[in-house]
2 protein chains.
Amino acid sequence: MADSDKLEQILARLDSGLEQAMQRLLTFLAIPSISTDPAHKGDVRDAAEWLRDELTSLGFDADIHDTPGHPMVVARSQPGDARPLLFYGHYDVQPVDPLDLWDKPPFQPEIQDTPQGKVIRGRGAADDKGQLMTFVEAFRAWKEVHGALPSDLILLFEGEEESGSPSLRPFLQDHAEDLRASLAMICDTGMYADGRPAITTQLRGLVGEEVVIHGADRDLHSGSFGGLAANPIMILSRALAALKDDNGRVTLEGFYDGVEELPDALRKDWEALNFDAADFLGRVGLKTPIGEKGRTPLEMVWNQPTAEINGIAGGYAGDGFKTVLPAQARAKVSFRLTGKQDPERIRQAFRAHVESFVPQDCRAEFHPHGGSRASVMDTSDQAFGAAKEALTSEWGRDAAYIGAGGSIPIAGDFKEILGMDSMLIGFGRDDDRIHSPNEKYNVESFAKGARSWARILTALR
Amino acid sequence: MADSDKLEQILARLDSGLEQAMQRLLTFLAIPSISTDPAHKGDVRDAAEWLRDELTSLGFDADIHDTPGHPMVVARSQPGDARPLLFYGHYDVQPVDPLDLWDKPPFQPEIQDTPQGKVIRGRGAADDKGQLMTFVEAFRAWKEVHGALPSDLILLFEGEEESGSPSLRPFLQDHAEDLRASLAMICDTGMYADGRPAITTQLRGLVGEEVVIHGADRDLHSGSFGGLAANPIMILSRALAALKDDNGRVTLEGFYDGVEELPDALRKDWEALNFDAADFLGRVGLKTPIGEKGRTPLEMVWNQPTAEINGIAGGYAGDGFKTVLPAQARAKVSFRLTGKQDPERIRQAFRAHVESFVPQDCRAEFHPHGGSRASVMDTSDQAFGAAKEALTSEWGRDAAYIGAGGSIPIAGDFKEILGMDSMLIGFGRDDDRIHSPNEKYNVESFAKGARSWARILTALR
């Protein structure tokens, strides 16, 4: 039987088994595995065990690995001679507050008819239990048709993603030999805005810095000292204002070293997305892109680095007025990185920039808040082309390579610790209300998501 | 008997009566007239009544005037043909927290020997009961020698100065005819830093403004929007940084209209003060004056206007880090004014300045926080020269005309509502710990303060 016949059978199995697959997902969603809440520690474990049992029943060699936090579920299929692939998802969920904004109890999930079609409603439906189960249902159907699981699969399901993944990096380090694959498949993202299937192939990195400017050793009265004594808020404002020039370009020395122009093919892909910046910004009450002049809006958020001030505080900012000349002022600043920008060099350039604004008898104090390089996946790996084609076939629309303006730490961790790129494919929608009351996942996302993985597996196995 | 003989007698009476005068002050200080604390409302009234009774016993026509807050004590001496003079002080005091930092209970005042000489210790000793009583003791001695009070005196003692004087302006407006004099004598300030007697002849004005920059209609994720969406903290920083140029000059259009160069005589007076900016700043951990280049440090705080940022807040400034791109950022800014600068024009110039930094789809919101012109007293009034000479005689050191960087609202209110200048003479010291635990007033300040007023009265009556 040709692969294409097998694929058709797998897809048919997925379609005919959809009702049962949804029932399995509802059972999984009913477990309140809120990782950040110690009261739910047992529930998180229950979810891990449910998953382990499910994978074992499919023929995986599945185990629960304890960590200082919540357990990891690791499973593998039989070894073969295929390139090893790792599949990642997380089985923990966000808290449910405010509970009174939920139309139905968050852990009594159900299928609902809505004007936008059928949805699976409940905490974790889209983030990430529903997405994780698109893998599992694809493996199940594969096995039913092929009689065996695809070979050389490693599954890694985490239970701490919604609480900062404190155990993940140590776990990857400790189990690097067992977990190393040629590529990681991560199902924890969304479709492109308009519902077009997409593979996220580049993510911006991040450097966080906190700066405190110290002036006098106490708050001063602005009557007695104003005009004579240094004002830390003014020093800070001057340093921050000078971070960008009038064209929106970051002024730090060497900042653009390693930033790469968008390859032509990708530029065409992005142009085809017809990104409507006015609409995107309009939804949050803005309309005008403020990035570097001459860049398209998608370049600004996906392929250009930036400097942002995330927080600032100094002096008296409460009700009324105090004519204080404060002893200090502070700001939190972050840089989104692209290409090969070096987080540490940028951190140092920022510090030097600030220091150049600090008069002799004042002082700047710095606190680092993390640093990670941008992730740019090697799309010349044939898996990317194959996945793109598979998604295009399944959804009947051209799948796109897209970028992400934010960081997805797991992709950076996989690269750094296990040396592998990630293929980020997810089926979430903008209106899924993840992290909010009434979270949902479209049945279409769930069904066609599993079918998408069946197609991708077929292309890669 | 010649005036100078009478003066000598008055001074002798003050010296011989010092012990009794201090006992009266101690009685006054024992009344816990904390105006800001409703629990002490009765005590504030007791202090007003004590003062009224004291003045009545001296022959003043003294009354208590109720206000919506604490009472005013108003007294007047017999009418005559002299220019009417108003004397102002306040009989309320600051709260005493933290109580455990007091060496003795704050309302059990006592005379103490210290390495710096004898002091009167207790809440209100320097601010302002001790200073106010230098008037009263001078009047008492005058009466004992002359057989009558000086004519044409109006006394106004307030009970709300430490809680913002909410009733003062309405009271001045309602009683303008009764209170109008040719000059106000205010005893609520200090000597020049090194203990030199001084008359404060100019005070800076103040304009307060709060600005809020609004960007998106919600906080945004800096990954998804960073580099594309406007950042209100950056807009605010740019506007604030541009308030001053590299020479420390304020850049607002028309800002320096009305600012006047220091008259030569005053410049010489100020030079003679040998103000040590490095020492002044050194006491608060700084050393370098940051004002406009080419100005002396005293000009910077007394005769030059300035712009200061008193508070700033936006985004996330707590522990840790949030990559938020905030919906808004706010700052409180104040301008100290000199000469004839117009508060309202400066407020409008600031608003126009900020608006010029706000992109089309963002918005600046402004809240005014008061505005007052600078007070520049007319020292050609012979009373100033006479008082300066009297102070010089009493203290054996050249008395100086000095400025103040801050505002003293009562002086502005007297000017605006009653049309009279103020002569600000006080005998406080930098180490008096006003508003703090263990407040004190030097016995020398008290004794020579009363003697100073006797000399000034003699010169003016």
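Two salt bridges are counted between chain A and chain B in this predicted model. Arg238(A) and Asp246(B) form a salt bridge through their side chains, with a nitrogen-to-oxygen distance of 3.0 Å.

Which element gives the largest share of the side of chain A that touches chain B? That element is strand β11 of chain A, residues 306-315, with nine residues. By residue type, this side of chain A divides into 33 nonpolar, 25 polar and 17 charged residues.

The extent of the interface can be given in residues and in area. On the residue count, 75 residues of chain A are in contact with 75 residues of chain B. The size of an interface is often given as the accessible area lost when the parts come together. Here chain A and chain B bury about 5900 Å² between them, and carbon and sulfur atoms account for 61% of that area.

An unreviewed UniProt entry places the feature "domain: Peptidase M20 dimerisation" at residues 203-361 of chain A. In the model, that span is 31% helix and 22% strand, and its end C-alpha atoms lie 41 Å apart.

Salt bridges are also counted over the whole structure, where all chains together hold 84. One of them joins the side chains of Arg451(A) and Asp15(A), at 2.8 Å from N to O. This pair links distant parts of the chain, since its members are 436 residues apart. Arg451(A) lies in helix α15 of chain A, residues 443-460, while Asp15(A) lies in helix α1 of chain A, residues 3-16.

| Salt bridge | N to O distance |
|---|---|
| Arg238(A) and Asp246(B) | 3.0 Å |
| Arg451(A) and Asp15(A) | 2.8 Å |

Strand β4 of chain A, residues 110-114, pairs with β5(A) in the antiparallel sense over five bridges. Ile111(A) has Ile120(A) in β5(A) as its bridge partner. How many residues are in the hairpin that joins β4(A) to β5(A)? The hairpin joins these strands through two residues.

Some backbone angles deserve a note. Most residues other than glycine have a negative phi, and most peptide bonds are trans. The peptide bond from Asp127(A) to Asp128(A) is cis, with omega near 10°. Asp128(A) sits in the loop between β5 (117-121) and α4 (129-146) of chain A. In chain B, the bond from Asp127(B) to Asp128(B) is cis, also with omega near 10°, and Asp128(B) is found in the loop between β5 (117-121) and α4 (129-146) of chain B. Asp152(A) is not a glycine, yet it has a positive phi of about 60°. Its place is in the loop between α4 and β6 (153-158) of chain A.

Terms used
Residues are numbered from 1 along each chain as its sequence is written. Chains are lettered from A and ligands numbered from 1 in the order in which they are written. This is a predicted model: local features need pLDDT of at least 70, side-chain atom pairs count only at pLDDT 80 or more; totals for chains, interfaces and linings use all residues. Side-chain values use heavy atoms; hydrogens and water are left out. Contact means heavy atoms within 4.5 Å. Buried area is the accessible area (1.4 Å probe) that two parts lose on being put together, summed over both. A salt bridge is a side-chain nitrogen of Lys or Arg within 4 Å of a carboxyl oxygen of Asp or Glu. Helices (H or I, at least four residues) and strands (E, at least two) are DSSP runs, numbered from the N terminus. Ala, Val, Leu, Ile, Met, Phe, Trp, Tyr, Cys and Pro count as nonpolar, Asp, Glu, Lys and Arg as charged, and the others, Gly among them, as polar. UniProt positions are given in the numbering used here, feature names are shortened, and annotations may be inferred rather than shown by experiment. Two strands pair if DSSP finds at least two bridges between them.
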